[in-house]
Amino acid sequence: MAVTWKDCGAKHATVTDVEPKTIHTGATETLTGTGTTDEDVTSAQFTATVSALGAKLTDCSGDGTKDIVCTLPMGVGKITVKAISYPLAKGTVQIPVEVETSSIIPPSLANVDVHIAATEQNGEDVICLDVHTAQQQSLEEIAAAVNAGNHGWTAQAPEKFATVDDVVPYLGAFLPGDEQFEEPEVVELPPINSALPDSFDSATKWPKCSVIGNVRDQSACGSCWAFGSVSSYESRRCIATDGDDIKYSPEDTAFCSNAGFGCNGGNSAWTWFSNTGVVTGGDYSDAGSGETCLPYSFEPCAHHVPETAKYPACPSGEYPSPSCDHACSDSGYSGSYSNDKEKASSAYTVRGEDQIKQDLVQFGPMYVSFTVYSDFPTYKSGVYVHTPGSSTLGGHAVTLVGYGELDGTPYWKIKNSWNDGWGDNGHFLIKRGTDECGIEDNVNAGKFSSLEVV
């Protein structure tokens, strides 16, 4: 079942996340709500109200020092607000809610709303959270619903994923508002004399740089942040050198940098590029060619769908992050890891549609991140906007490569890292100028005023 949530405005606390985003029927699972409170809480009185189809099914209340159990009708399960030890210190707070469900849930109870509220020692609101659970649709059902709704884009169940759950290991970007989110300094770009073009494509503008169009495959690892970073880095470096078309290493970035946690998520690595530098590194298929220092070590794979010679079966979960050896892995490469490092000369963040367009046109592709909803994996063509009812899966980092307008709708052109078989040859268009899915909230890159070798 898909899980979505909304903070409903308590006086003393704000909910910032609820995990996981899906729960399985026929099991007992724990949802954990994370938030921040502006005061110490010495006691709390909780109330939980459970509704379906607009009608209240049950409610329960009690002292937060004890489990508060709401039993659902027809034997479909129960919801328990777990006991908490007090006092709770001002700052980050986590509230666990245990959900036990039957393996068979009647359609009338497939979509459930749970309203959780709490008052603190002075009787003032300290928690207000609405959680909605819904029977998770298959990717085929999601695609059919999108195509029936005339949303301006075409959906298709992807060959890469069998279920929505299969998508989550491919995410991993920290987004604005996340506790671990970081970005380079925000800058204001100086005005330029000429008008910006109505449409723009980096690959067309700089044809000497094949790295701009090269769609990589991060495999079953939440290293999208490293791929979005490296893709923009190698593209801008090629542009700055007038065609020195070299691949750089997502492997080095994901597992040796301080920008993230390997397969467990991360931020833009542009600050690391400017401070430390990155080595060359091709795709998995480039290993053994002797052309780069540290090619990607995870093989592209098919996630719970029929495997092929090109895409063998993925592991059952995410790959574990390998250790960083600070050494080239390709024995045929003539250079050394330390001598191979190259830096950017700067790292920065830009805000606003016009500033983003200006920097893209002047210097090339950029790192961007956004919120992925359950309909996004089915994207095939058109200008993507997330559709009503789609649930949040997580943050994803990608590469901004162009912009334009299609049938009157302005768009950003984005390169993904799910191989060229996904979407429109590995790319997608997303609505521009409205901050769709937060796509304009975290846009950054850097410059190469000169090639700086460590």
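## Lys247 and Asp286

Lys247 and Asp286 form a salt bridge through their side chains, with an N to O distance of 2.9 Å; the term means a side-chain nitrogen of Lys or Arg within 4 Å of a carboxyl oxygen of Asp or Glu. The two residues are 39 apart and belong to distant parts of the chain, Lys247 to the loop between α3 and α4 (250–256) and Asp286 to the loop between α5 and α6. Helices here are DSSP runs (H or I, at least four residues), numbered from the N terminus.

Lys247 is partly exposed at 23% relative accessibility, while Asp286 is buried at 16%. Buried is under 20% relative accessible area, exposed over 50%, and partly exposed in between (1.4 Å probe, protein chains only).

## Basis of the values

The model is predicted: local features need pLDDT of at least 70, side-chain atom pairs count only at pLDDT 80 or more, and totals for chains, interfaces and linings use all residues. Residues are numbered from 1 along each chain as its sequence is written, and side-chain values use heavy atoms, leaving out hydrogens and water.

A network of salt bridges links Arg216, Glu234, Lys247, Asp283 and Asp286.

## Asp59 and Lys56

The whole structure contains 16 salt bridges. One of them joins Asp59 to Lys56, with the closest N and O atoms 3.1 Å apart. Asp59 is partly exposed at 41% relative accessible area, and Lys56 is exposed at 55% relative accessibility.
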